[in-house]
Amino acid sequence: MLNKPNYTKVIAGTMNWGVWGSNLTTIQMAEMIAVCLDNQITSFDHADIYGGHTTEAAFGKAFKETDIARKDIQLITKCGIKYPSENRNYPLKHYDYSVEHIVFSVENSLKNLNTDYIDLLLLHRPSPLMQPEIIAEAISKLKKEGKIIDFGLSNFTSSQTDLIQSKIKVDFNQIQFSISNSESMTDGSLDYMRLHKITPMAWNPLGTIFREESEHSTRVKLVLSQLAIKYHVTTDVILLAWIQKHPANIIPVTGTSDKYKIHNIAKSWRIQLANEDWFALWEAAMGHKVP
């Protein structure tokens, strides 16, 4: 019987590690894995489609080069998107949540990642054609066979989650959430997850603050610079700490492929923003005082 995974307070997202991003070599990727562990980040987020179906295998090869035990890390992956690439001769991008495709995807991820089990499997995006009883059949089979431990969703609304939960328990939902995309706090999504004991994960946790020049980013960066001085950390750490302060216990999935940034990111769960500072950031993001 496999132990229940203990995911870290920040998860290392691998999408940009492969050919869709920095295209790290095997040695560089192995170094990234080791640096993450040195900074108490032991959970790694994947999807079968990353790198056009190549990044999982690149990670698996790199992990094999380390002396890290499998039990010391947690592997998360996603399935459900049929993404045309050199490795998949699909006529167009579409979704497939049949038993056959879910099982195929997991078994392929196991092979690519050089592992016997996945800690957490997520359905990558909701499909209008998904049938909860068929999804439940696939997940129950994979759990019974010990190929996955936890099950969750990615980018699902509350009503879509209800649909899946009518047949099988959902433990996680990975959503877009940041100071730039905080609607989940006000549209009931995070409240729903708290009520149903679903742990939120946040992709793109830094939002657009450092990628665009706008009134919004200028306001936020001004407050960020003040708080970075106050808490003796970098501005990206403040953004992660802002997410982590929310009582839904949101876990940020960082997208960096820079091992030097990992040292800073690991500081985010060690600082506790004062309430006034948390609201100062939210006020800057909204452009007005709280109602």
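Visitor: How are helix α1 and helix α3 oriented to each other?
Guide: This is a predicted model, in which local features need pLDDT of at least 70 and side-chain atom pairs count only at pLDDT 80 or more, while totals for chains, interfaces and linings use all residues. Residues are numbered from 1 along each chain as its sequence is written, and side-chain values use heavy atoms, with hydrogens and water left out. Helix α1 covers residues 26–38 and helix α3 residues 55–65, and they pack at an angle of about 70° with their axes 8 Å apart. Since angles of 65 to 115 degrees count as roughly perpendicular, α1 and α3 are therefore roughly perpendicular.

Visitor: Which residues of α1 make the contact with α3, and into which kinds do the residues of the contact divide?
Guide: Contact means heavy atoms within 4.5 Å, and on the side of α3 it is made by A58, F59, K61, A62, F63 and E65. On the side of α1 the residues are T26, M29, A30 and I33. With Ala, Val, Leu, Ile, Met, Phe, Trp, Tyr, Cys and Pro counted as nonpolar, Asp, Glu, Lys and Arg as charged, and the others, Gly among them, as polar, the contact divides into seven nonpolar, one polar and two charged.

Visitor: What kind of aromatic pair do F44 and F59 form?
Guide: Rings of Phe, Tyr and Trp (its six-membered ring) pair if their centres lie within 6.5 Å, and planes under 30 degrees apart count as stacked, over 60 as edge-to-face and the rest as tilted. F44 lies in strand β2 (residues 43–45) and F59 in helix α3, so the pair ties together parts that are 15 residues apart in sequence. With 5.3 Å from centre to centre and 55° between the planes, the pair of F44 and F59 is tilted.

Visitor: Over which ring does the charged end of R70 sit?
Guide: A charge sits over a ring if NZ of Lys or CZ of Arg is within 6 Å of the ring centre and within 35 degrees of the ring normal. The charged end of R70 is 4.0 Å from the centre of the ring it sits over, which belongs to Y117.

Conventions:
Axes fitted to C-alpha atoms, helices over the stretch in contact; angles between N-to-C directions. Helix = DSSP H or I, 4+ residues; strand = E, 2+ residues; numbered from the N terminus. Parallel < 35°, antiparallel > 145°, perpendicular 65-115°, else oblique.
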